[in-house]
Amino acid sequence: MIKLQDMTKVYPMGKRELTVLRGISLVIEKGELVAIMGPSGSGKSTMLNLIGCLDKPTSGNYYLEDREVSRLSSDELAQIRGQKIGFIFQTFNLLPRLSALANVELGMRYAGGVDRQRAMEALTSVGLSDRANHRPTELSGGEQQRVAIARAIAKKPPLILADEPTGNLDSRSGEEIISILTSLHAEQGITLLMVTHNANIAHHCQRIIHLMDGQIESEEKV
Amino acid sequence: MKRWLEPLATAWVGVATHKLRSFLTILGIVIGVAAVISLMSIGRGAEARIISNIESMGSDLITISPGARTWGGVRSATGSVQILTQQDAEAIAEQVAYVDLVAPTYSTSLQLVVGGENMNSQVTGVPPEYQEIQNLEVAYGTFFSDYEYQRGAKVVVLGSEVKETLFGDADPIGQQMRMGTNIVRVIGVLASKEAMFGSPDDAIFIPLTAMQQMVAQPRTAQGERVVSSIALTVSDEEQADYVVEEITSLLRTRHQLGPLDDDDFSVMSMEELASTLSEAIGTMTLLLGAIAAISLLVGGIGVMNIMLVSVLERTREIGIRKALGARERDIWTQFLIEAAFLTLAGGIIGVILGWVASYLVSSTGLITTVVTTDIVILAVSVSVGIGLFFGFYPAWNASRLNPIEALRSE
């Protein structure tokens, strides 16, 4: 599914350069549930952005479903994001002006077309069918994150990336979100990559990757 | 929802979220379009009115006056031998095809005395055909007949203004008045006719034959009687241009002009006059429209300003859309449609306002305004064009945002 070969990322910071990733090599098989852990500044988010095709590596190769994507144009990357990848963010990132259903539909809009029935099914699968017409401001944090999950899965992408999905939630809502994600993985065989600070959450995954200073420090199987 | 409808719906949400701001943004466009519409419609109204005035004089009318024409070029050779004669008129009547009626006229200034009223006035000697040529309507009494013309009867027909001045409310028919050293009898009063040039309201008509008895009409060296102008009608309006050409070449021959000499007369058909005037007014109208269009330009800059702010405010939204797979083109069209949507709304409101304004101008009775479809279509499409033009840069800015940075913004 995912194959990273000696991937680096360097940000120019004025005259100096900031090296965030120092050669990451990693293979993630289809259907895996992987947690990425590490202290702040270890490069977790940068790695997730690169895997999510939101950014391009400075050097190294990235194969997504056997296709080298690290040198594609921004529009080609956008197309891959639309069709292959569902994002779940720490801050939910729903559009406040749109209803829950419209937010879910927005996730399908750039991925081949809106299908209201599938959008409703996605909302139902996260237990929010009765909140379809509520706006994000009328929903609790946990509910908003469930809408975001529905948005990510509605287009049925092979890969879902979650950046600290429980970081802004209380522990009970957080557990709900994790159980939704793990059951999605179990039922639909989605490949799921999750960045988290929380060791308990990481232990719901099959594999934990520890990052440190832009390098993979260690890996453990759960 | 249909695929092409989605960007429209998105644009609508964008506009509707900030109702007051959207309204203020398009206000410049509204005012600009309303100004263009009302000014253009007033111009068109003036044009239509002048043309209808000319047509009321008869669009089949051609007038020949001595001297080179005074518009469209420099008047040349004033005071040289530039003389139209009664024989010219006869020659035209006999030799030029499609000529219907021909009336040579001779005007001179004479003293008029009626009771205590005394005025110096322009008196015009004309043949009876002149009435039909100029579409003159007689309000009461009659115009003079062929018989009166033949025997040179000293009878006059007054314009309505002249009658008002000389006789007030009294009935002038059958009344006598002094004209120069002669006594003439009033036999008719013309109906008032609104016209911009040569209104018959101020005119006094007398048979040309009577005129020739009363004043010494100058003659040329060849002994031909000089006339002030020749008016004629064509039997087929389509042939007016041909008739003008024929008359020109006939008169050039008769006046013995060499190929390098300028015409010593000018032939003007009403159609030509109408087109010259409407061209002049059209230019004025365009100028007014151009001034109004400057406010459209200013409005467009306002739209650009707000669109830039809007892009800045919605950076995060752009980031989300990009993360969800929106290409640069998707973001770009979204903002462009939003800008065009705003200015289209402004254009439509402006058209309505302009329409109301020109209706109000019309209702004052000063001028009849005409709002034509082409102005409306032009104004609306120009305002959409302004939206696209001034929305382009903000939309392009939005589409170029880096998704990661956009997602991080607050």
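Author: Here we go. Start in chain A: Thr8(A) has Arg22(A), in E2(A), as its bridge partner. Keep in mind that this is a predicted model.

Reader: Thanks! How many bridges do strand E1 of chain A and E2(A) pair over, and is the sense parallel or antiparallel?

Author: E1(A), residues 2-13, and E2(A) pair over ten bridges, in the antiparallel sense.

Reader: Nice. What order do the strands take in that open sheet of chain A?

Author: The order is E2-E1-E4-E5, four strands with antiparallel pairing. Strand E2 (16-28) and strand E5 (67-68) of chain A are at the edges; each has a single partner strand, so one side of each has no neighbour in the sheet.

Reader: Got it. Switching to charges: how many salt bridges turn up over all chains?

Author: The search of the whole structure gives 18. One of chain A's pairs is Glu65(A) with Lys84(A), whose side chains meet at 3.1 Å, N to O. That pair links distant parts of the chain, 19 residues apart: Glu65(A) is in the loop between strand E4 (59-64) and E5 of chain A, and Lys84(A) is in helix H2, residues 74-84.

Reader: Why do Glu65(A) and Lys84(A) count as partly exposed?

Author: Partly exposed covers what falls between the under 20% of buried and the over 50% of exposed. Glu65(A) has a relative accessible area of 32%, so partly exposed is the class for it. Lys84(A) is at 29%, so the label is partly exposed there too.

Reader: Are Glu317(B) and Arg314(B) buried or exposed?

Author: Buried: the relative accessible area is 7% for Glu317(B) and 9% for Arg314(B). Arg321(B) is buried as well.

Reader: And which residues are linked in the network of salt bridges?

Author: The network links Arg97(A) with Arg314(B), Glu317(B), Arg321(B) and Glu338(B).

Reader: What about a charged patch: which residues form the negative one?

Author: Glu55(B), Glu237(B), Glu238(B), Asp241(B), Glu245(B) and Glu271(B) form that patch. Glu245(B) sits in helix H8 (residues 240-254) of chain B and counts as exposed, at 55% relative accessibility.

Reader: Last one, back to strands. Which strands of chain B does E1(B) pair with?

Author: Its partners include strand E11 (residues 229-234), over four bridges, and strand E12 (residues 265-269), over five bridges. Both pairings are antiparallel. To find them on screen, look for Ile62(B) with its bridge partner Leu232(B) in E11(B), and for Pro66(B) opposite Phe265(B) in E12(B).

Technical notes:
Residues are numbered from 1 along each chain as its sequence is written. Chains are lettered from A and ligands numbered from 1 in the order in which they are written. This is a predicted model: local features need pLDDT of at least 70, side-chain atom pairs count only at pLDDT 80 or more; totals for chains, interfaces and linings use all residues. Side-chain values use heavy atoms; hydrogens and water are left out. Patches are made of residues with over 30% relative accessible area and no salt bridge: like charges are joined within 9 Å, nonpolar side chains (Val, Leu, Ile, Met, Phe, Trp, Tyr) within 5 Å. Accessible areas come from the Shrake-Rupley method with a 1.4 Å probe; for residues, only the protein chains shown count as cover. A salt bridge is a side-chain nitrogen of Lys or Arg within 4 Å of a carboxyl oxygen of Asp or Glu. Lys and Arg count as positive and Asp and Glu as negative; His and the chain ends are not counted. The place of a charge is taken as NZ of Lys, CZ of Arg, CG of Asp or CD of Glu. Helices (H or I, at least four residues) and strands (E, at least two) are DSSP runs, numbered from the N terminus. Buried means under 20% relative accessible area, exposed over 50%, partly exposed in between (1.4 Å probe, protein chains only). Two strands pair if DSSP finds at least two bridges between them.
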